[in-house]
Amino acid sequence: MEKIIKRNSTIDAFRVFAIFGVIAIHVQSNTDSAEMVGRLFAGFRVPYFYIVSLFYLIIGLKKRKDEGVNNIVNKIFYRLIIPYLVWTVIYVSLRLIKAEFLGGPSNVVFWKVLFYGDGAVQLYFIPNLLSMQGIIISIYLLLKGNLKNKLWGIVILTSVAVFLAIGVLGNSFAISMGFIFVGIPLFISLAFSATFFNSKERNTVNIWMGILIIVATTVFNIIPFSFSFFGYEYISPFMAFGILLLCIGLFDQFRLPSTLTSATFGIYLSHILFLELFEFIISQSHIILYYDLTVKLLVTFSVFLFSLAGIFIMRKSTVLRFYLLGEKATNTQKATSNLNFFVSYFRRIQYLAVSKKNQKN
């Protein structure tokens, strides 16, 4: 998608703030000031990732009027689904190992883990995003006019509806009535609306509209009145929309290194691993941390840096980069061929071992 669409560097830069907020919400809080950090990042957290991803998807679909469903689904599969499945295996394996050696239940319900992101606390983001992407793609296909595309659109839309229904009936962590009836319509409609404000230069109107929405939603977030439906806070999508408008207005005015901005998805997937490793080391060292504002910010920043370093290490390997981050170093075939190399090498060692054993016999 980036090859056709010029990326807005400010949108990508704000992803770094968003991922910092995601980490902050998962770090403990022992004081009100520490807890406030999470609330300050409300619109910078998952809602911002949702609306930006949908925003770029809709723009891409508008620019690719002749593209079939196969190419679209393939991109989503390699970018989102493969890393999701691999990280799910990693987190579930760690939970099972932890339950085995430290005692206690593992609480693993495999169908929820596989389909609804119950493998780790942050993985629900991907099934939810895929649901919204599926709805957008199905609408796109239904409007194209081609009979085959219309049928694909019906199939995808039906699949999403069934997926959401099972999620609600199964009391999955990812899916709720509020998300279905408020979150999904708001994120899709607001992302679609944002495409009409998209520009390739600084726009003062967008800047002030974004600031106004951010201020208004921040005020509504602070006042002691719950703006929710079935437990879903519907202020968050509007705050994310305001931040996106601000970024669109500040087109390319705020830049961070691309190696950093492109790492946010990988940090999102991996930060829980580094956070739990940090907490494990602290507990084994018999150190008691009191998570006030200063300690929380230090721990959040440390987890951010270690996660970022982990991403840089993963990118050194084509296989790890492809399967853990959903990134292509050169192309998909290279990653696959590297994996096949390791498989064939292992089989050759196994063959030699068996041959040597037969010779002894």
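In which loop is Asn171 found? Asn171 sits in the loop between α7 and α8 (177–195). This is a predicted model, in which local features need pLDDT of at least 70 and side-chain atom pairs count only at pLDDT 80 or more, while totals for chains, interfaces and linings use all residues. Residues are numbered from 1 along each chain as its sequence is written, and side-chain values use heavy atoms, with hydrogens and water left out. Helices are DSSP runs (H or I, at least four residues), numbered from the N terminus.

**Positive phi in loops**
- Asn171 has a positive phi of about 55° although it is not a glycine.

**Helix α14**
- Helix α14 (residues 318–325) is largely enclosed by the rest of the structure, because 6 of its 8 residues are buried (under 20% relative accessible area).
- The buried residues are Thr318, Val319, Phe322, Tyr323, Leu324 and Leu325.

- Ile166 is found in helix α7.
- With a relative accessible area of 41%, Ile166 is partly exposed, the class between the buried and exposed cut-offs.

Note on methods. Helix = DSSP H or I, 4+ residues; strand = E, 2+ residues; numbered from the N terminus. Buried < 20%, exposed > 50% of the residue type's maximum accessible area, 1.4 Å probe, protein only.
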